[in-house]
Amino acid sequence: MKTRNLTLSAFLVAALAFSSQAQHSLTQIWSSEAKLPVPESVLFSKQDKLLYVALIDGKPAEKDGKGGIAKVGLDGKIVSADWVSGLNAPKGMGIYGSKLFVADVTEVVEIDIKSGKIVKKHAVEGAQFLNDVTIDSKGNIYISDSSTKKVHLIKDGQVSTYYEGLNGPNGLLAVGTDLLIADSGSLKKLTSSKQISVIAEGMDKSTDGIEQVKPGEYIVSSWVGMVYYVKADGTTEKLLDTSADKTNSADIGYDPAKKVVYVPTFGKNNVVAYQLK
């Protein structure tokens with residue numbers, strides 16, 4: 001009886017060890033039609049049961065008025081290719097209440113979701129390349145500027161510089177009172193008291209989007225075509241590498257309930273959905 005218990009214990013220990021080392025993976029579910037001109041960012045909306053896709057449709061820093069926002073169904077079908085038009089080079093997005101906020105080169109565009117109308121443009125003084133947007137539970141809007149290496153804040157309608165001196169901030173994610181920043185190959189945490197630390201590093205320097213899978217674990221994309229899983233201990237797993245065929249993986253979206261990752265392919269003009277396991 002003792003021997004049997006020892007054997008069972010050894011088996012359980014081995015099983016737990018194997019489980020802790022098990023790799024995560026991405027399996028493609030669908031790919032939308034290649035009719036989305038330069039998709040840079042995807043935002044999953046649980047409320048609207050669809051994806052908002054920011055379309056640059058031109059050069060990433062050019063104010064040409066060609067950019068817009070599309071709606072794509074959760075089955076990959078394009079619902080509206082030009083839901084909002086007249087933007088420049090829209091990138092990261094965030095939703096708060098009934099409004100969609102979009103980073104657009106040097107300003108943050110506020111859109112009424114019900115009507116699809118632009119209601120306000122928040123100019124960011126000194127901005128050069130506004131990239132991503134995240135919004136905390138209080139409605140504070142954080143925006144990264146990859147060129148000036150700063151993070152800006154819109155609070156109660158007022159724009160200010162929140163943090164500076166980064167390497168090349170792109171993706172942002174508000175988690176509680178902390179702000180996560182994808183900064184040139186590393187994932188950093190900035191506390192409300194402005195203390196900064198590194199969660200993970202060693203990823204491709206084109207780090208782009210951030211999504212939380214569960215507390216302490218994240219998915220981070222790199223624009224060149226890579227998607228990483230960041231574990232609680234700071235180690236990373238490469239889930240996807242489409243760089244060989246020059247398929248980009250820009251600012252990803254994520255459905256936490258179904259564990260589906262949505263990847264905008266930039267130059268390939270479509271969105272690809274993957275099941276995370």
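Which residue in β16 is the bridge partner of L179? The partner is L190. Keep in mind that this is a predicted model, where local features need pLDDT of at least 70, side-chain atom pairs count only at pLDDT 80 or more, and totals for chains, interfaces and linings use all residues. Residues are numbered from 1 along each chain as its sequence is written, and side-chain values use heavy atoms, leaving out hydrogens and water.

**A sheet of strands**

- Strands here are DSSP runs of E, at least two residues long, numbered from the N terminus.
- Strands β15 (residues 178–183) and β16 (residues 186–190) run antiparallel and are joined by 5 bridges.

**Salt bridges**

- The whole structure has 6 salt bridges (a side-chain nitrogen of Lys or Arg within 4 Å of a carboxyl oxygen of Asp or Glu).
- One of them links E110 and K99, with the closest N and O atoms 3.4 Å apart.
- E110 lies in β8 (residues 107–112) and K99 in β7 (residues 99–104), so this pair ties together parts that are 11 residues apart in sequence.
- E110 is buried at 11% relative accessible area, while K99 is partly exposed at 23% (buried means under 20%, exposed over 50%, partly exposed in between, with a 1.4 Å probe and protein chains only).
- E237 and K231 also meet in a salt bridge, 3.3 Å from N to O, and both residues are buried.

**Pockets**

- A pocket is an open set of points on a 1 Å grid over the protein atoms alone, where a 1.4 Å probe fits, with protein on both sides within 12 Å along at least five of seven lines; lining residues have an atom within 4 Å of a point.
- The largest pocket has a volume of about 830 Å³ (the space filled by probe spheres set on the points, which are joined across faces, edges and corners).
- Its lining counts 33 residues, with L43, F44, L173, E211 and Y254 nearest the centre of the largest pocket.
- β2 gives the largest share of that lining, 5 residues.

Notes. Two strands pair if DSSP finds at least two bridges between them. Helices (H or I, at least four residues) and strands (E, at least two) are DSSP runs, numbered from the N terminus.
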